[in-house]
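The sequence and model are shown first.

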Amino acid sequence: MQIPAPFDYARATTVADALALLERHGPESRVVAGGHSLLPMMKLRLARPEWLIDINDLFELDFILRDGNQLRVGAMTRHTTLLESAEIAGLFPIFTDAERVIADPVVRNRGTIGGSLCQGDPAEDLSTVCDVLRGEAVIRGPGGERILAMNEFHKGPYETAVGQNELLCEIRFPIRPRSGSAYEKVDRRVGDWAIVAAGAAVSLAEDGTIDDVAIGLTAVGVEGTISPAEAVMRGEKPREELFVEAGRLAALASNPVADQRGPIEYKRHLSDELTRRVLRSACARAAASPTSVSPTSLSPTPQEG
Ligand SMILES: Cc1cc2nc3c(=O)[nH]c(=O)nc-3n(C[C@H](O)[C@H](O)[C@H](O)COP(=O)(O)OP(=O)(O)OC[C@H]3O[C@@H](n4cnc5c(N)ncnc54)[C@H](O)[C@@H]3O)c2cc1C
């Protein structure tokens with residue numbers, strides 16, 4: 001199939017308008033953001049919405065905003081904007097690492113962080129990024145606003161907590177001193193989906209021990225972050241033996257399937273190796289990062305993109 005089933009189309013002007021349109025057109029209506037996941041699914045007839053509510057005019061959801069000790073990222077922020085943001089690169093280099101290897105410029109110019117998270121593809125990169133950064137999803141609907149931790153947001157492959165009549169509006173990330181993060185992916189060719197990818201975020205205490213750590217894997221059947229691997233690192237000084245042990249435990253926690261991207265053992269090996277690499281890199285970045293976070297109140301960064 002190359003042509004979607006017939007559908008009607010409405011262009012929302014505000015978040016309130018988008019929510020009203022979703023309410024008016026009922027369960028067979030879907031929002032479209034960048035369209036890079038939804039439109040291929042419609043062409044394959046895997047999705048057959050009767051109404052498409054276009055949210056590309058919701059510029060109010062396209063922002064990167066420093067708000068005290070949080071960074072707030074609007075759901076309509078495009079991959080390219082995330083890739084090119086100096087503030088993101090400084091605070092959360094894991095985003096920059098991941099965005100460099102997501103698809104190609106054509107997809108990155110349209111695809112959004114909100115669409116990526118709501119699509120919930122198990123091989124999608126930004127879910128792991130948001131998980132390890134302990135992001136919170138801000139969702140609005142007819143009943144008002146609710147804020148969910150990422151482990152409550154994800155409900156499984158292609159399923160999230162966002163209701164049909166709701167919108168993901170932003171994701172909030174805590175900013176912590178002495179923190180670093182990293183992402184590495186192995187794919188079959190440039191811009192492809194991950195065979196396996198790993199992400200890690202580390203915060204160091206004043207004495208240089210690991211205060212907090214989060215480790216995630218992409219495309220190997222892992223939901224949320226990997227507690228056993230994190231537990232061996234907390235309270236310890238970063239060192240190679242720890243990275244090796246955490247890599248081993250992450251591979252054990254992985255649950256890959258054999259497919260055209262590779263056999264199970266290869267994916268387990270990648271889970272181990274990539275976990276070690278991102279931990280090394282995240283710890284080095286944490287050691288080189290600022291030792292305090294000045295709580296600027298609501299200082300907007302220049303709008304990008
Ligand atoms: C060739 C190709 C290669 C790709 N490679 C990668 C890759 O390597 N890694 C990767 O991570 N991704 C990859 N992608 C996916 C890409 O990142 C998409 O941009 C992303 O999956 C979806 O974002 P979107 O804005 O296009 O969402 P859309 O396709 O518009 O929407 C996706 C789903 O989310 C819903 N939705 C969108 N926004 C909201 C919102 N604010 N609130 C509630 N629901 C919403 C829609 O209703 C739909 O169900 C690739 C895509 C293509 C076409």
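## Report on the predicted model

R178 counts as buried because 20 other C-beta atoms lie within 10 Å, and 20 is the number from which a residue is called buried. R178 sits in the loop between β10 and β11 (179-187). The phi angle of R178 is near 45 degrees, a positive value in a residue other than glycine.

The model is predicted. The mean pLDDT of the protein is 94, and 96% of its residues reach 70 or more. Over residues 297-305, however, the pLDDT is below 50, and this stretch has 17 contacts in the model beyond near neighbours in sequence.

**Overall fold**

The protein contains twelve helices and 14 strands. Along its principal axes, the C-alpha trace spans about 60 × 50 × 35 Å. A compact globule of 305 residues would have a radius of gyration near 19 Å, and the protein agrees with this, as its value is 19 Å. Of the 305 residues, 44% count as buried. When contacts between residues at least 6 apart in sequence are considered, 68% join residues at least 24 apart.

**Domains**

The protein is divided into domain 1 (8-54), domain 2 (59-175) and domain 3 (179-287). Between domain 1 and domain 2, the C-alpha centres lie 19 Å apart. In this pair, 13 residues of domain 1 are in contact with 18 residues of domain 2. Helix α1 supplies the largest share of the side of domain 1 that touches domain 2, namely five residues.

An unreviewed UniProt entry lists residues 2-178 as "domain: FAD-binding PCMH-type". The end C-alpha atoms of residues 2-178 are 50 Å apart, and the span is 35% helix and 26% strand.

**Helix α1**

Which residues of helix α1 (residues 15-25) are buried? They are A18, L21 and L22. These residues lie on the same side of α1, because they cover an arc of only 100 degrees around the axis. The face turned away from this buried side carries the exposed residues A16 and R24. After α1 comes G26, which has a positive phi near 75 degrees.

**Loop residues**

G34 is located in the loop between β2 and α2 (38-43). G34 counts as buried because it has 23 C-beta neighbours inside 10 Å. Leaving aside residues up to four places away in sequence, G34 touches R110, G111, T112 and G115. G34 and R78 are separated by 44 residues in sequence, while their C-alpha atoms are 8.1 Å apart in space.

A103 belongs to the loop between α5 (93-100) and α6 (105-110). Although A103 is not a glycine, its phi is positive, at about 50 degrees. Is A103 buried, exposed or partly exposed? A103 counts as partly exposed because it has 18 C-beta neighbours inside 10 Å.

| Residue | Phi |
|---|---|
| G26 | near 75 degrees |
| A103 | about 50 degrees |
| R178 | near 45 degrees |

Note on methods:
Residues numbered from 1 in each chain as written. Predicted model: local features only at pLDDT ≥ 70, side-chain atom pairs only at ≥ 80, totals over all residues. pLDDT = per-residue confidence, 0-100. Contact = placed C-beta atoms within 7 Å. Buried ≥ 20, exposed ≤ 12 C-beta atoms within 10 Å, placed from the backbone. Helix = DSSP H or I, 4+ residues; strand = E, 2+ residues; numbered from the N terminus. Arc of directions from axis to C-beta. UniProt positions renumbered as here; feature names shortened; annotations may be inferred. Rg over C-alpha atoms; globule rule 2.2 N^0.38 Å. Domains from an automatic or database assignment.
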